[in-house]
Amino acid sequence: MTTGPAGQSFDFDARIDEILVRYEPGSEVHNAISKARPYLGAAVERTRNRLGIGA
C-alpha cells in the first residue's frame with residue numbers, strides 16, 4: 001500500500017488517492033478501497049512501527 005503500479009514509492013494516503021482516481025465511484029475496486037481505507041491504514045502503520053520506520 002506504499003508502492004505504486006510502476007514500483008514508485010508513495011505514502012499511504014497518496015497511494016489510496018491514486019487508486020481511487022483510477023477507478024470511478026461505484027466500481028467494485030473504488031467501493032472496496034474506500035471501505036477498507038481505515039483498516040489498510042492501520043495495517044500499514046503497524047508494519048511501519050514493527051520495522052522501526054514510524055510515520
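Arginine 22 is partly exposed, with a relative accessible area of 43%. The model is a predicted one. The side chain of arginine 22 meets that of glutamate 18 in a salt bridge, at 2.6 Å from N to O. Both residues belong to helix α1. They sit 4 residues apart, about one turn of the helix.

**Glutamate 18 and arginine 15**

Glutamate 18 also forms a salt bridge with arginine 15. Here the closest N and O atoms are 2.4 Å apart. The spacing in helix α1 is 3 residues, so about one helical turn separates glutamate 18 from arginine 15. Side chains of opposite charge can pair when their charged atoms come close.

Is glutamate 18 buried or exposed? Its relative accessible area is 18%, so glutamate 18 is buried, the cut-off being under 20%. Arginine 15 counts as buried too, because its relative accessibility is 12%.

Which residues does arginine 15 touch, leaving out those up to four places away in sequence? The contacts are Met1, Thr3, Gly4, Pro5, Phe10 and Arg22. Arginine 15 itself is found in helix α1, which spans residues 12-22.

**From helix α1 to helix α2**

Aspartate 17 forms a salt bridge with arginine 37, the closest N and O atoms being 3.1 Å apart. This pair links distant parts of the chain. Aspartate 17 lies in helix α1, while arginine 37 lies in helix α2, residues 28-51. The two are 20 residues apart.

Both partners are partly exposed: aspartate 17 has a relative accessible area of 39%, and arginine 37 has 24%. Asp17 and Arg37 also belong to a network of salt bridges that takes in Asp13.

**Salt bridges in summary**

How many salt bridges does a search of the whole structure find? The search finds 4. Among them are these pairs:

| Pair | N to O distance |
|---|---|
| Glutamate 18 and arginine 15 | 2.4 Å |
| Aspartate 17 and arginine 37 | 3.1 Å |

Asp13, Asp17 and Arg37 make up the linked network.

Methods. Residues numbered from 1 in each chain as written. Predicted model: local features only at pLDDT ≥ 70, side-chain atom pairs only at ≥ 80, totals over all residues. Heavy atoms only, no water. Buried < 20%, exposed > 50% of the residue type's maximum accessible area, 1.4 Å probe, protein only. Contact = heavy atoms within 4.5 Å.
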